[in-house]
2 protein chains.
Amino acid sequence: MERSNRRSAERTTERTDARTAERAVEGATPHGPGPRERTGPDRPPTIRGVAERAGVSKSLVSLVLQDSPRVSDAKRQAVLDAIEELGYRPNAAARSLVARRTHTVGVLLNDMRNPWFADVLDGLNSLLHAHGLRMLMADGRLDRRTGQEFARTFQELRVDGLVVVGTLPDTTGLAEIAERLPTVIAGNHEPRLPRVDIVANDDERGARLATEHLIRLGHRRIAHIAGQGLVGELRRRGFEAATAAHGLAGSAVVESGDGTEEGGYRAAVRLLGPARGRHRPTAVFAYNDLSGIGALSAAGELGLAVPADLSLVGYDNTYLARIRHLWLNSVNNASHEVGRLAARCLLDRMAHPDAPADRQLVAPELEIRGSTAPPAEAPGDASGGRPGGAA
Amino acid sequence: MERSNRRSAERTTERTDARTAERAVEGATPHGPGPRERTGPDRPPTIRGVAERAGVSKSLVSLVLQDSPRVSDAKRQAVLDAIEELGYRPNAAARSLVARRTHTVGVLLNDMRNPWFADVLDGLNSLLHAHGLRMLMADGRLDRRTGQEFARTFQELRVDGLVVVGTLPDTTGLAEIAERLPTVIAGNHEPRLPRVDIVANDDERGARLATEHLIRLGHRRIAHIAGQGLVGELRRRGFEAATAAHGLAGSAVVESGDGTEEGGYRAAVRLLGPARGRHRPTAVFAYNDLSGIGALSAAGELGLAVPADLSLVGYDNTYLARIRHLWLNSVNNASHEVGRLAARCLLDRMAHPDAPADRQLVAPELEIRGSTAPPAEAPGDASGGRPGGAA
DNA sequence: GTTCGAGATTGGAACGGTCCAAAGAATCCG
DNA sequence: CGGATTCTTTGGACCGTTCCAATCTCGAAC
């Protein structure tokens, strides 16, 4: 007994590292009092405390906590009262330790600033929350951890699943994680890994949609401001496929941007600047809304009116495109739906970890607003611009 | 032996709730093999496994894990090799159970869509990460949990601290949490609670800054599009104080918005619409950038050029204001700095949980772009608009 | 008045780490 | 060469849960 006291009193005062917080808290226990000091000054109440207070065993409290039907009403009430009085909250760490489930899924974003993510998260959350799972978010850009790094954190936390949203700077290490952890990629098409599902919108198709819309309006000189990563690649491919299919490959131009407003602005200056002369494109399809808005600015500065002198289409249909003062046509990438499907996939994969990788593409839709019109000097066939044009 | 086998096989199949995921995972263990099946088929490796492989005790592995200097180089290397080979990651739950620290702080946002948060999180993260703390984010709006609800989650996770970012829909229950948990509020001025620190920008002062800028330019009929919550209240107060101080209280108008682009648009239509006639304001100070952009759109539709016919100032200096096509003057609320200071506060409070509540206000600054100018029919004194005007 | 069975309750072994006290090994010094 | 000292290493208690197996309680059936 005596020894046991001294032990517990000395226990934390001899720590070698200087975690001041801990010190201060523990310091509030000046000397070890009773024969076994389980209930420190402000230690949160445990299941034992509740049991003691309710006059039952901890096992019974545990049963009450999980709504077991095999508990008498009297004791159940006593336990619930004790829980209420003590403000008891079960310790998730202890619980998940034995249950080997954390009821937490890790969500890895690459840039919290991109408004597109919010919708995906919304869709994700609705389903996950309904299944009693919480989301733990990490921003890959925020903390510049490489793949290996974030892997460590999520693995240590033993999350039950992982959702990767968007384009990751570094995907090495993801394969290793996916070996042990149900993993789903949302809003990107790579990397293709053995048991990793992919949910995304059909970027190539969306890009074709946007480009064909411009073609139907009568545009012949159409430019594309490209983005990075596989998504950028796919959107570019859709653009090129559509222009080629209409025999416009010769007059289709691609300038590279980087997905930012600044990048879009610069690309647009290169495309529309005075150097171009009369071969200037009459329409631009941008990698995303942000680039599109950059192009909008450039057009403004170059004295080109949108849509009279220049038609413009973006991608992602973020709230930016909905701002009246911008009012940009944009391809809706169904991000909410992508989020929902990703959640669905993750739940399925948690149930069947070894199922073959699935890949789901959601159909994107073009959202028409005020940034496109037939070209000013339309060379003939501009009929597609009116209602009734080809689907 | 036999019995023990049946045990582990039946273990989870009798659960009352139908968590399919769990079932399937456990189902992958068809029959319990050896006398004590510690290393299940795909159970992650534990410290024991590492110890065994390295031919040492688990205590020694533990010492290696925390860089203890009291380990011989030979054994250390053996342990590190074993860790590498097995892909071992320590279990955070087990660790935090005994250490009674999770090295995790909860961050509560109310709307992930607001671009302002990203900077705060950035600032928060930089400091917290440096101190080995990870952030667990929850969006109060995403999952419509009331104060009580999110409280439960964070308390169960035993986060080491809590940061509330922005205006919470429901703050009841926060007091109770703050009793047990180091808590800091960032970007808002309420609620004032005993041991809860507050870090924010000085909204009243920022509003004065914006308003005085307009006044110095020569504007006399200035309107404010107000926002909600205490922050909205403070910015409004700053606006009223500034107009009153310059004897413009009579011509100062306030219309209420809701912080959205739509709300700003409507408020602006009410302020600038034809009904106003010649008493139309020549300048508007908006609660935030989003409302300001709504006002920008309204001005455009009403045929008012910005800044020629209408000067406009927003608040928060988000990337929206920086979009060239909008190019809005805006009050910089120093959100990155607010995040950094909030982290600082939280660390201090974790060290001294009982210190009295602190309140820090960061000085905001006006960022000048292209959305303000002297009024068209400036009645005399417009000197303040030029460099050299009064500070 | 046993015996039985069903239902309610409880003790105790995990879970995977940390850390203390004590044991073992190596080195030093007289 | 023996004892003291220091450096390494280890066994085991403990953190707060869950859940199995065992016990306890009680009324019904024999």
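Let's start with two strands: strand 1 (residues 104–109) of chain A and strand 2 of chain A run parallel, joined by 6 bridges. Strands here are DSSP runs marked E of at least two residues, helices are H or I runs of at least four, and both are numbered from the N terminus. Val107(A) sits opposite Met137(A) of strand 2 of chain A.

A word on the source. This is a predicted model, where local features need pLDDT of at least 70 and side-chain atom pairs count only at pLDDT 80 or more, while totals for chains, interfaces and linings use all residues. Residues are numbered from 1 along each chain as its sequence is written.

Now the sheet. In chain A, 6 strands form an open sheet, ordered 2-1-3-4-5-11, with parallel pairing. Two strands pair if DSSP finds at least two bridges between them. Strand 2 (134–139) and strand 11 (359–362) of chain A are at the edges, each with a single partner strand, so one side of each has no neighbour in the sheet.

Next, a helix in chain B. Helix 10 (residues 203–216) of chain B has 14 residues. From first C-alpha to last, helix 10 of chain B reaches 20 Å, close to the 20 Å expected at 1.5 Å a residue. That expected span is 1.5 Å times one less than the number of residues. Which residues of helix 10 of chain B are buried? Among them are Asp203(B), Ala207(B), His213(B) and Leu214(B). Buried means under 20% relative accessible area, with a 1.4 Å probe and protein chains only. Just after helix 10 of chain B, Gly218(B) takes a positive phi of about 110°.

Definitions and conventions. Chains lettered and ligands numbered in written order. Heavy atoms only, no water. Buried < 20%, exposed > 50% of the residue type's maximum accessible area, 1.4 Å probe, protein only.
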